[in-house]
Structure formats: C-alpha cells, structure tokens
Amino acid sequence: MMALLLPALVGGVLTGGVYALVALGLTLIYGVLHIVNFAHGSLLMVAMFGAWLLATRLGLDPLAAVPLMAGAMFAIGWGLYRFVIGPVGRGDDRGVLLATLGVAVVLDNAALIAFTGDSRSIETPYALQMVQAGPLLIPLAKLVAFAGAMLIALLLWAFMALTDTGRAIRAVAREPEGAALVGIRPARIFALAYGIGIACLGAAGCLLLPSFYVSPQVGGMFVLVAFTVVVLGGMGSFPGAVVGALLVGITENLGNLYLGESLGPICVPLLFIAVLLVRPTGLFGAVR
Amino acid sequence: MTGAAARTRALALALAVLTLLPFASHSQFFVNLAMLTAISAALGQAWNIAGGFGGLTSFGHAAFFGLGAYADAILQTRYGLNPWLGLPAAAAFGGGAGWLIGTATFRAGLRGSYFALVTLAFAQAFGVLANSLDITGGGSGILVALHPGAGRFQFTDRRAGYALAVALLALATLAAWRLSVGRFGAHLLAVRENEDAARALGVPAVRVKSAALALSGALTALGGVLYVQSYLYIDPGIAFSAERSVEMLLVAMIGGAGTVLGPLLGALVVHAIADTTRSLITTPGVAPMLYGVVLLLIIGLLPGGVVRIAAVRGDG
C-alpha cells in the first residue's frame, strides 16, 4: 500500500503548491476587499490561455513567461475592478458577488468563442522528465511548478510585509476609514489589491500549463478548489492558504486513490461543505 | 389605484395573453420555443422564491433540478412506477433536500456569498454522485423508453408539453404571489431585510429560510420531471451543471428578483437573446456571453430588473 500511498501524498503536495498560488490571490482579495471573487477560476483560465498563446505562437516557454503574464494579468485585474466589478457591484455583498459571476460567465464564453471547447496542452522538453527521489519518480514540471509557486508566495509575503504599498494595503484591509485619514486612498488600494491577486493567477497559469491542460471550462474546475483552500485555511490568511492548499492537494489525490477516478472528485466539495458547516473560520481562524 | 399598480396589472394581463398564444399555433418549432421559455420562467420563478423573496443567492439550484429529474427517471425505469408519480416523488426529494441543506447551512450561520458557494458545492457533489453510482447509470445517464400516451406522461404534441410547463409556471407564480401578500412571505422579507431585527421580533429565521428553500427546491425539482418527460433522457451534465444553476439565477435577476412578474419577463429577455443570436451566429458561446453582459448591465444600472421599467414609468 505504501508503494501507492507515498506517490499520492507527494503528488498532492506538488499539486497543492500551485493551488496555493491560486488561493493566495483569492485570499488577498478577500482579506482586503472583503469580497468573494467568483471570477477567480475564469481569470486563471484566461492566464492559462495567455501562456498557451505565448508558447504556441511565439515559442516562449511558460516558465519564462511568468513575469510577462503576471504583469498582463495585473493590468487585466486592475482594469476589471476599476471599470467593471467596482462600479457594477457598488460595494454591496450580493452586487459584487453577482458582478464577479457575470464576469466569469462573459470570460468563459468569450474563451469558448475564441478557442472552441477543445482541451489544449503544450509540449515542453521537460514535460516527460522525471526526478528520482529515493523510491519516488517525480515529474520535473510539477516540481518546478511547486518551487515557483512557493517562491512567488514568499515574494508576495515580503511585498506585503516590507514595502510601503504592502503596508498601505494591510492598513486598508484593517481599517479603511483610518487609512483614508492618513492619506491612503482606499479606492486605489482596492483596485491595486485586486490586480495583485489576479497577477498571482498569471504566474499560476504559466506554472500549471506544462503539466495540465487548458479549456474554457477549466475555470469552473478550479473555482471550488480555490475556495475550499481559502476557507480551510481561513479567509484572508496567507499561511492558511498555503497549508490549506497542501491539504486540499493531498485530499484530492487520496480521494482519487481510494475512491477511484469517478467518485474521488467528491472529496473537494464535501470538504468545502464540512469546513463551512463545522468550522467556518477555518484552521487559522481569523474573524470571518 | 396608483399608476404603478395599474402598470403592473396591465403587464400581468399582457403576459397572460402571451402565454395563451402558442396554443393557437400549429408550428411545433414555435411551440417548442414557447415550452423552453415557459420552463425557464418556471425555474427562474422557483429560484426567485428563495433567491429573490428570501435573498438566498443560490449558485447551485441545479442540485434540485437534477434530483427531481433523476427521481422521476429512476422510479419509472428501475421500479416500474407510473411516471406521473414522479411529480410528487420529485417534489418530496427537492423539498426535502432544500429543507436539509437550508437547516444545515443556516444553523451554521452561513449567509450571502458563503451560502452561494455552499449550494454550488452541493450541486457539484450531486453531480459527482450521479456520475459514479450504478443506480443513476453513471456518466451515460438514463434513457426513458418511448411510450407515447397521457397515461405514461409522454406527449407527441408539443402543445401538451407546453401546457404542463405553463401549469408549473402558474404554480410557481402563485406561490410567489402568495409570498408577496401573505404572512409567511412577510416573515421571509423581514429576515431578508434585517435578520437580526426579525429574530428579535420573534421570527424563527432559520425555519423561515429553510422553508423558503424547501418550497423553491420542490418547484425546481418539478421542472426536472418535465425535462425528463419531454426529452426522455437525463445525464449528470444536463442535471447538475453550473450553467443550469446560473440560468435560473439570470432569469430571476434580469427580470427582477423578489417580484412576482420579474422571472416571466426575465425568461422572455433571455430567450429573445438566445434565439435571435442563434439565428444570426452559430458559434457556441455567443448567447451565454451576452447573458453575462446583460447581467452586469442590469446589476449595475437597473438592480431591480427589467420589471422596474414598467413600475418606474408608472410613477410619473
């Protein structure tokens, strides 16, 4: 049994690394704007198609495209919040939720028009390379994605903790009125934080592409996973998002191992429901 | 009578006349369109009972639709029950699921966006179950054998299917109208507007919200039965897809959530968009993308929905 269990655990941790990157953006947006960004999965899909286009049209390796896609997704996220989600949602919980749903519907179907419903993947020279670690064979692409995700998570943490902009974002998250009194403009910070959250997706999309496929429906697959990670770790908590992501990655792999490929996917929605019903504050119980 | 009330009454009358129109038509194509629109309106109205009047924004109403559809399909194909019995069975399953999901989530204090996400998770979990269990036929779904005849709840004339869809729409609209005038509806609205204040006045908030979700779930499940009896087929994708949940929400939100006539107008708008685009452009995705755009425009510019246009003009 160990022969099957260990690879499933390691695989779960590796997948969880990329989930962490997806979830960090989501938890940042929740922590600062106090909104549930239902468009998160669809924006990840946009980032994956972006990386796919760069790889197939310009021959740019997805790993080299990380800074470019992070920047592009930052601009898309900033603009989306500034011109669509902010004005449409008007700060009302239901309005914002439905605005992000509307954005998700538009993006998913725009991708369907542009790329058809087919699944696409890319071929990289390292796609089939394996790394030997004791008794384990680990796909190189997943290992690189994990390392990249952890590195970006660290950079994000450093940015939030050490720079003035990071401090301003945290100030607005805690106390928007107080922040406004000391000269920070919350409206600007909101768009900025949303942009940074979406920039994480730009990086995540590039890191996922070599070991995953992309289709217009892929966002719908990731959206509940990302929310499960975030509620498990505690909405708004950075360390929570990383730990939650690893746990969700492991749960998913163990579910597929013990329940089979067709029943296994039930683990993520069940975990999500269980966390919300039993411990809605999550593991790192910040106030909801 | 105020201008707005007169406008609403005229609108209701116009919609009633419009509903009767397809019965005079001999075009199966046109009647089929009318039937699909009526089913959309009925499902939107069912969503509206929880999502509009109760403010319970559900992203997973397909859970109830699929439950009803599978209850009907399984009872007749596996247990040989008369498909008409699928109606009460589906209502019981949909209503029971609504009650259970409501009680569990509202007791845990879930509101707003959290409730939306948890309903989505339930629909997804049901979809996985339908896809992997033997009794649901797994991914290949369930095919209902063709036995035309009123006794077997199968009709070759689409007008009969349309009549059933209109009957469900009428039932759902009657329920919505009762909410807008009755005591239970007043409790529900009080909880929607200010839950803490309603509790303080002695309204049992968890029970009221769960009952609204149960009623909404039961009506949605009946829509699932009509689907199975019209198309004689169901699979996990048709039953539990996120698109179906979103369409119910769209119909209610675009028309006007929390109003009696909103979902009827919403279904007309959504199907007008769908059928016009499909006749002009065949690329898949164009019509649903437009729904998304319309949803954003409505929430941003006309949060009360299309029905507000009639009411606002009436004030002047």
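Visitor: Does B:Arg192 count as buried, partly exposed or exposed?
Guide: In this predicted model, B:Arg192 has a relative accessibility of 32%.

Visitor: With which residue does B:Arg192 form a salt bridge?
Guide: The closest N and O atoms of the pair are 2.9 Å apart, and the cut-off for a salt bridge is 4 Å.

Visitor: How many residues apart are B:Lys209 and B:Glu195, which form a salt bridge?
Guide: The closest N and O atoms of B:Lys209 and B:Glu195 are 2.9 Å apart. B:Lys209 sits in helix H9 (residues 205–231) of chain B and B:Glu195 in helix H8 of chain B, so that the pair links distant parts of the chain, at a separation of 14 residues.

Visitor: Which residues are joined with B:Lys209 into one network by salt bridges that share partners?
Guide: B:Lys209 forms a salt bridge with B:Glu195. Through salt bridges that share partners, B:Lys209 belongs to one network with B:Arg111, B:Glu195, B:Asp196 and B:Arg199.

Visitor: Where in chain B is B:Arg111, whose pair with B:Glu195 links distant parts of the chain?
Guide: The side chains of B:Arg111 and B:Glu195 meet in a salt bridge at 3.6 Å, N to O. The two residues are 84 residues apart, with B:Glu195 in helix H8 (residues 195–200). B:Arg111 is in the loop between H4 and H5 of chain B.

Visitor: Is B:Glu195 buried or exposed?
Guide: B:Glu195 has salt bridges with B:Arg111 and with B:Lys209. B:Arg111 is partly exposed at 43% relative accessibility, whereas B:Lys209 is buried at 5%. B:Glu195 has a relative accessible area of 8%, which is under the 20% cut-off and therefore makes B:Glu195 buried.

Visitor: With which side chain does the side chain of B:Gln76 make a polar contact?
Guide: B:Gln76 lies in helix H3 (residues 62–78) of chain B and counts as buried because its relative accessibility is 8%. Leaving aside neighbours within four places in sequence, its contacts include B:Val144, B:Arg152 and B:Val228. The polar contact spans 2.7 Å, and the partner is the side chain of B:Gln229.

Visitor: What is the area buried between chain B and chain A?
Guide: The contact takes 44 residues from chain B and 37 residues from chain A. Carbon and sulfur atoms give 77% of the buried area, which is about 3400 Å².

Visitor: Which three residues supply 20% of the area that chain B buries against chain A?
Guide: The area buried between the two chains is about 3400 Å². On the chain B side, 20% comes from three residues, more than from any other three. These residues are B:Tyr114, B:Leu117 and B:Leu296.

Visitor: Which element gives the most to the side of chain B that touches chain A?
Guide: The rule finds 5 residue pairs in polar contact across the interface. Elements of chain B that give two or more residues to this side include helix H2 (28–51), helix H4 (86–107) and helix H5 (112–132). With 14 residues, the element that gives the most is H5(B).

Visitor: Which backbone nitrogen does the side chain of A:Ser237 reach?
Guide: A:Ser237 is placed in the loop between helix H9 (218–233) and helix H10 (238–263) of chain A, and its relative accessible area of 11% makes it buried. Not counting residues up to four places away in sequence, A:Ser237 touches A:Thr27 and A:Phe284. At 2.9 Å, its side chain reaches the backbone nitrogen of A:Gly240.

Terms used:
Residues numbered from 1 in each chain as written. Chains lettered and ligands numbered in written order. Predicted model: local features only at pLDDT ≥ 70, side-chain atom pairs only at ≥ 80, totals over all residues. Heavy atoms only, no water. Contact = heavy atoms within 4.5 Å. Buried area = accessible area lost by both parts, 1.4 Å probe. Polar contact = N/O pair within 3.5 Å; in protein donor to acceptor, adjacent residues only side chain to side chain. Helix = DSSP H or I, 4+ residues; strand = E, 2+ residues; numbered from the N terminus. Buried < 20%, exposed > 50% of the residue type's maximum accessible area, 1.4 Å probe, protein only.
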